[in-house]
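Hi there,

Here is the structure I promised to pass on.

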Amino acid sequence: MDSAVRLNPAATAASGTPLLAVEDLAIRYVSGGASRRVVEDVSFSIAPGEVVALVGESGSGKTTTAQAVLGLLPANGMIERGAIRLDGTDITGWSDRRLSALRGTRMSLIPQDPTTSLNPVRTVGSQIAEILQIHGERDRGRIRARVLELLARVGLEPAEMRAQQYPHQLSGGMRQRVLIAIAVALRPGLIVADEPTSALDVTVQRRVLDLLDDLRREDGTAVLLVTHDLGVAADRADRVVVLRQGRIQEAGPVRQVLAAPRSDYARQLLADAPSLATPRARPAVPATAGVMLKVAGLTQTYPVVGERGRVFRAADDVSFEVRAGTTHALVGESGSGKTTTARCIAGFLRPTSGTVEVGGTDVARLSGEQLRQFRHKVQLVFQNPFASLDPRQTIGQIVEEPLRNFDPVPKAEREHRVRAMIGRVGLPDSVLGRPPAALSGGQRQRVAIARALVLKPRVVVLDEAVSALDVTVQARILELLDELQRELGLTYVFVSHDLAVVRLIADTVSVMRAGQVVESGPVETVFHAPAHDYTRDLIAAIPGGGGAAGKAAQ
Amino acid sequence: MSETAIPLRAPRSLRLPPAGLVLAWAVIGLVLAWAIAPGLFAWQSPLQGVSGSQLAEPSAAHWLGTDGLGRDMYARVVYGARESLLGACLAVTVGLSFGTLLGLVAGARGGLVDAAMMRLVDTLLAIPSLLLSLSVIILLGFGSINAAFAVGCVSIAHFARLSRTEVLRVRRAEYVEAAFGSGGRFGAVLWRHVLPNAMTSVLALAALQFGSAILALATLGFLGYGAPPPTPEWGLLIAEGRDFLASAWWLTCAPGVVVVLVVLSAERISRSIGARRT
């Protein structure tokens with residue numbers, strides 16, 4: 001690589017200039033002839049070794065700002081004015097070739113989605129080696145030694161074996177470690193981490209963030225952490241910059257912002273972060289409420305491919321009861337069997353053994369037409385609102401569809417009920433004629449909830465229904481679910497990996513691990529006096545938990 | 001590799017469609033107009049020859065010259081559009097409807113039904129297409145309709161293959177599961193969700209098959225299995241001109257060039273439909 005474009009970190013560190021300084025940045029997107037300013041007057045700086053968090057909801061311009069820093073704006077985005085100084089040099093006007101030389105060496109990126117950011121047909125070792133080769137390393141032996149060293153450093157051991165594996169052989173957390181290894185390979189001064197853990201479980205999230213923290217401390221690397229969760233920022237950052245609609249709402253040391261937020265928006269974010277929010281007092285359940293859902297001895301096994309006679313127990317003797325009008329949460333990491341259990345309850349899976357009684361009917365024994373009629377009573381809301389709505393239907397058609405599947409309802413009546421339901425979930429009438437693509441993630445999830453409720457079910461199974469959403473949107477959806485429950489007397493089964501969220505909505509909880517229920521009981525009891533180590537682990541993993549309270553108190 | 005991680009939104013500007021695509025649509029539009037109202041484009045009779053002006057060279061009076069019976073070649077090409085396009089439409093319709101139905105049932109049902117149907121499709125694909133269409137014609141008898149039907153039969157396998165794959169893809173989508181979850185019956189879910197979402201690439205294939213159907217019909221016409229003389233049909237025109245290839249090359253070339261242009265245009269349009277898939 002051309003050594004002239006490499007900046008000299010030693011010289012600048014001494015002179016006290018910040019590693020990265022963003023000054024009055026304004027970015028504009030041009031699409032379809034219209035142009036929109038998405039970032040305006042954004043200024044902040046990062047000193048060597050410092051962690052600065054860019055916090056905001058989707059559409060706040062935080063990712064755009066991060067992309068601009070790396071020189072990776074989409075082709076239709078352009079920097080209107082302002083400067084991005086890396087080690088004191090303004091890099092805004094630089095050509096892509098000059099920037100490429102900087103990326104990886106002086107600054108690097110940890111992308112958001114570990115599942116799509118690795119090449120599926122190459123081993124992880126060769127993908128780490130690639131960045132070394134791109135930046136001029138030719139000696140095979142040295143590359144190999146460095147790759148193994150990096151893998152060991154990010155905790156992927158035995159490194160020799162891991163280097164030979166393909167991305168699909170690794171879990172989400174491991175893949176994120178590979179991406180971190182690539183990002184730190186050339187010891188850059190600045191790492192831009194764009195929602196590095198949003199796609200991961202809370203426990204995995206904690207381990208990955210811990211790793212990032214360790215690496216940062218050892219190498220003195222600065223981190224620009226982009227996140228929607230103030231809880232994560234509270235734990236990991238020295239300073240936060242709160243963005244909304246492309247403008248800075250508030251910036252300052254993390255303790256100060258958490259303890260005494262000056263802007264309304266920061267206060268809102270603080271209230272919305274499930275880990276920082278104080279749980280609402282849930283109304284006491286009347287003792288007379290009958291049992292709506294009873295799961296007993298539910299077991300789901302799958303034969304292990306290639307090994308005859310061995311079975312994988314996805315759910316193993318799961319039992320719990322849910323009283324009418326209450327919320328029961330199933331909590332655990334991915335692979336704990338919570339989704340399997342939820343699908344059995346919703347009638348999508350037939351359990352190998354055990355019973356699932358909803359209002360006296362055993363779901364496990366239904367099939368064909370009986371099962372179809374049963375759908376009246378139990379509805380499932382899927383995790384991903386981007387996949388669960390047919391892109392070719394309008395919102396009106398989507399919500400109307402369940403009504404067309406059962407006893408004929410006159411067209412006028414159907415339309416009336418669809419309108420009422422869309423209004424009930426807090427969407428304007430104007431969305432009825434639009435396709436899902438015209439709606440945001442939060443709005444789509446509202447549509448999915450409306451579709452589930454239009455049949456007036458007794459039980460709603462929410463499978464990670466808020467996990468894919470920003471904290472702000474998540475908080476609104478949780479409020480909506482709460483309201484609907486009280487008005488319609490719904491019973492919820494709430495599946496989540498995040499105990500902080502569960503605490504906000506559930507009355508009772510079952511903590512699951514490897515297919516088994518390890519602990520269950522009222523949420524507050526489980527939260528305050530966890531009996532099982534695994535539960536304690538889950539509670540400790542909640543971002544912002546102890547750290548935020550501590551920092552705010554100081 | 002970290003560079004590729006940030007999703008690059010494709011720039012969407014108000015650019016004009018590519019020139020090639022415009023040209024392709026123009027060719028197809030013109031040929032369609034020929035088929036609908038040939039009288040507007042050609043003022044001479046395609047069937048009635050003018051004695052004394054046989055095998056005339058292209059001139060102002062006869063743009064593409066005349067054939068061995070003194071018939072205006074330009075008129076014959078224009079009038080031939082109807083026969084060829086109708087045949088191609090029929091062939092694509094046959095292939096599209098039967099093929100999609102096969103693929104839909106196989107993909108949605110799965111298991112034994114799928115396996116049986118797909119082996120049938122494999123068999124169809126294994127037979128050379130010309131041989132297959134000739135056998136169908138021999139079973140059904142000669143004629144332009146039968147030729148078109150035979151060409152359609154050959155493309156059933158292609159449509160079945162593609163639509164099965166698409167159905168399998170859509171079948172796994174969460175919104176299809178959600179539709180079953182809200183009490184949808186099997187048929188209703190297929191009709192409302194699976195079919196519309198699976199159709200885009202099938203339609204692209206239909207446009208592509210339109211081109212190859214014209215080609216296949218011309219082949220059959222050339223071999224004498226299609227429309228009987230004196231019907232103006234592009235394949236037949238080429239065959240008739242063959243006898244005068246040395247003295248009047250334009251009789252073979254003119255309809256040949258038209259066939260090539262139409263097939264190329266259909267292919268270009270098919271690609272643009274395919275590219276629109278998200």
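**Notes on chain B and its partner**

In chain B, 68% of the contacts with a separation of 6 or more join residues 24 or more positions apart; two residues are in contact if their C-beta atoms, placed from the backbone, lie within 7 Å.

Before the rest, some housekeeping. This is a predicted model, where local features need pLDDT of at least 70, side-chain atom pairs count only at pLDDT 80 or more, and totals for chains, interfaces and linings use all residues. Residues are numbered from 1 along each chain as its sequence is written, while chains are lettered from A and ligands numbered from 1 in the order in which they are written.

Chain B has 10 helices and 0 strands (DSSP runs: H or I of at least four residues for helices, E of at least two for strands, numbered from the N terminus). Its C-alpha atoms fill a box of roughly 75 × 50 × 35 Å along the principal axes. Of its 278 residues, 45% are buried, meaning that 20 or more other C-beta atoms lie within 10 Å of the residue's own, with C-beta atoms placed from the backbone.

Now for the meeting of the two chains: 40 residues of chain A are in contact with 25 residues of chain B. On the chain A side, the elements giving two or more residues are β6 (107-110), α4 (124-134), α7 (172-184), β16 (378-381) and α14 (395-405).

Finally, the unreviewed UniProt entry places "domain: ABC transporter" at residues 20-270 and 293-539 of chain A; such annotations may be inferred rather than shown by experiment. Residues 293-539 of chain A are 37% helix and 26% strand.

Best wishes

Methods
A residue is buried if 20 or more other C-beta atoms lie within 10 Å of its own, exposed if 12 or fewer, and partly exposed in between; C-beta atoms are placed from the backbone.
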